[in-house]
Amino acid sequence: MHEAETGLPRLGVLGAGHVGPVIARLAIRAGYPVAIAGAGDPADLSLITELLVPGAQPRWATDAVADADVVVLAIPLHRFLTVDPAALQGKLVIDAMNYWPSGDGVLSDFADTAAGSSEIVAARLARSAVVKTLNHIGYHELEDNARPAGTPDRRAAGIAGDDAAAVRGVAGIIDRIGYDPVLLGNLSAGRVLQPGGPVFGAVLTAPEFEQAIRAAKPAGDLPSGATLPAVGARPGARSGQGG
Amino acid sequence: MAVRPPANGSGADPQAQFPLVLGLDTFGDRNADSDGKPVSHAQTIRNVVEQGVLAEQVGVDFFGIGEHHTGYFPMPAGDVALAAIAARTTRIRLGSAVTVLSSDDPVRVFQRYSTLNAISGGRAEVILGRGSSIESFPLFGFDLAEYEQLFEEKAALFAELLKGEPVTWQGSTRAPLHDQDVVPHLESGPFPAWVGVGGSPQSVIRAARLGFGLTLAIIGGRPARFALFSELYQQALAKFGRPPMAVAVHSPGHVAATDEQAHEEFWPRWRDTIALVAEERGFAIPDEKQFRWDTGPEGSLYVGSPETVARKIAANLRALGASRFDLKFGMPGLTQQSVLTSIELYGQQVMPRVHELVR
């Protein structure tokens, strides 16, 4: 473990499928201490972490969460419904999940509402600070498109959350792992990041990203509570990238 | 295939001991006629049979048919088409690419492919998939939320069935079996079975644990990122006390006389097909700039002249520690003529060139 050396928050990544290991690898490379957990015994994850996420600690989900400053949800949404909200109490939670009826089946919690999936997630995790990001980037290009701050054509990642401090914290992480953070406003504004939205799966720089959201959202179309991002509303580039 | 020294020690290329295998896969892509009008589902299926027969004539090693249930891939019963191809061929290996095992019955899958194995004189294979193409779940009454458990249980049962002995099994996804003799019996040991993996490391571990071959289905992004999966697979095999096994790559593509012609034929059909999938899944439709990257040296589409496609196959086999490549040819909306030409070029020009390049 190297949190003492880095002073960076500890990440607990829930999910060892398509997405979790890729986020974990980016975070390790950026210097974060990372624990990763699948559905079961961490011993089953040892080979995966040794080879795919060297430096990450495979742990039971409850332990990974308990010791984390930031929890990354990278599990199928139907499995999220089985997660005990009390375990995530007081945590900053990054919601990288999507509601995907064609992949997950129809989940009534998410289908029978106009609210975005992260708003439902946040309602279940009432005592956590939920921030939506990374969900709109394909797992197959999450790593390939990561670039140090200041790289021309660096790809953007949208960020939405109701807790301003949490959003700032996540923006720092996003910047550090390789993406230009674009702050969208509160969680309901994060609906534009969902499947079917203007930026889902699209490879866009920050100005292109903001433009795509504007173009797709005539005023009458805005979800209630959504605020359009101010151009340039992203934190300055950090020093000490990568590693 | 050039004879290469066997692997010795952990540093050696574990794939060097396996023969180079170059195959073709189809999803039963619905053809168009020369006016661009879609042909019938029935004609599409008859076309696939002709494609398989041609593939043998031009020397292709394997012909696979992937299970799909849509109007543009009307191919839910690929094993029936494979049986027709088997009756008209003598050498080419025939298999699924993939069978959506999660929404099927492992006993029935075994029976169908054991039957194909009988008809073809031992040329059957099966590639099992958890199901990224998921139309079969609602169709057959399975809950998508359970696809992981469905696949885990059914893959384990399939591994038992392949041993060819009476099976005793109990689980939650089908009726229990008690000392059940499942027919038709295998004539000469189990036929090859692979697991198609699209990016989940846990699926790689499972393939190793159950002793299945690994097929990396790479349809986007940089193929090289799968190199670690290939290594993970070999290490997992070792951990489970199994010998090294072959790794295969499956990716889409199209071969024509020139790069320009291949692009011209393939791009509009690729765009239209991806648009249908994009609409279902909610992602952005790729533009031509993205397509050019995908078909370039770094991307995962094999579209171009025989030389372009051969170079890319050889480079990625090397990068991925793989000994087998299956090109998913065709695309809904291509004419049968252009598909047959692509097959001919693949067998007569791409394959010999790949052999040269990897030797």
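H3(B) passes H5(B) in a right-handed crossing, the near helix being turned clockwise from the far one by less than a right angle. This is a predicted model, in which local features need pLDDT of at least 70 and side-chain atom pairs count only at pLDDT 80 or more, while totals for chains, interfaces and linings use all residues. Residues are numbered from 1 along each chain as its sequence is written, chains are lettered from A and ligands numbered from 1 in the order written, and side-chain values use heavy atoms, without hydrogens and water.

Reader: Are H3(B) and H5(B) parallel, perpendicular or oblique to each other?
Author: Their axes, lines fitted to C-alpha atoms over the stretch in contact, are 9 Å apart at an angle of about 40 degrees. Roughly parallel needs under 35 degrees, roughly antiparallel over 145 and roughly perpendicular 65 to 115, the rest being oblique. The two helices are therefore oblique.

Reader: What is the span of helix H3 of chain B between its end C-alpha atoms?
Author: H3(B) covers residues 106-119, which is 14 residues. The expected span is 1.5 Å times one less than the number of residues. That should give 20 Å, and the end C-alpha atoms agree, at 20 Å.

Reader: Is Ser128(A) buried or exposed?
Author: Ser128(A) is in the loop between helix H8 (117-124) and strand E6 (129-133) of chain A. Its relative accessible area is 14%, and under 20% counts as buried, over 50% as exposed and in between as partly exposed (1.4 Å probe, protein chains only). Ser128(A) is therefore buried.

Methods: Helix = DSSP H or I, 4+ residues; strand = E, 2+ residues; numbered from the N terminus. Axes fitted to C-alpha atoms, helices over the stretch in contact; angles between N-to-C directions.
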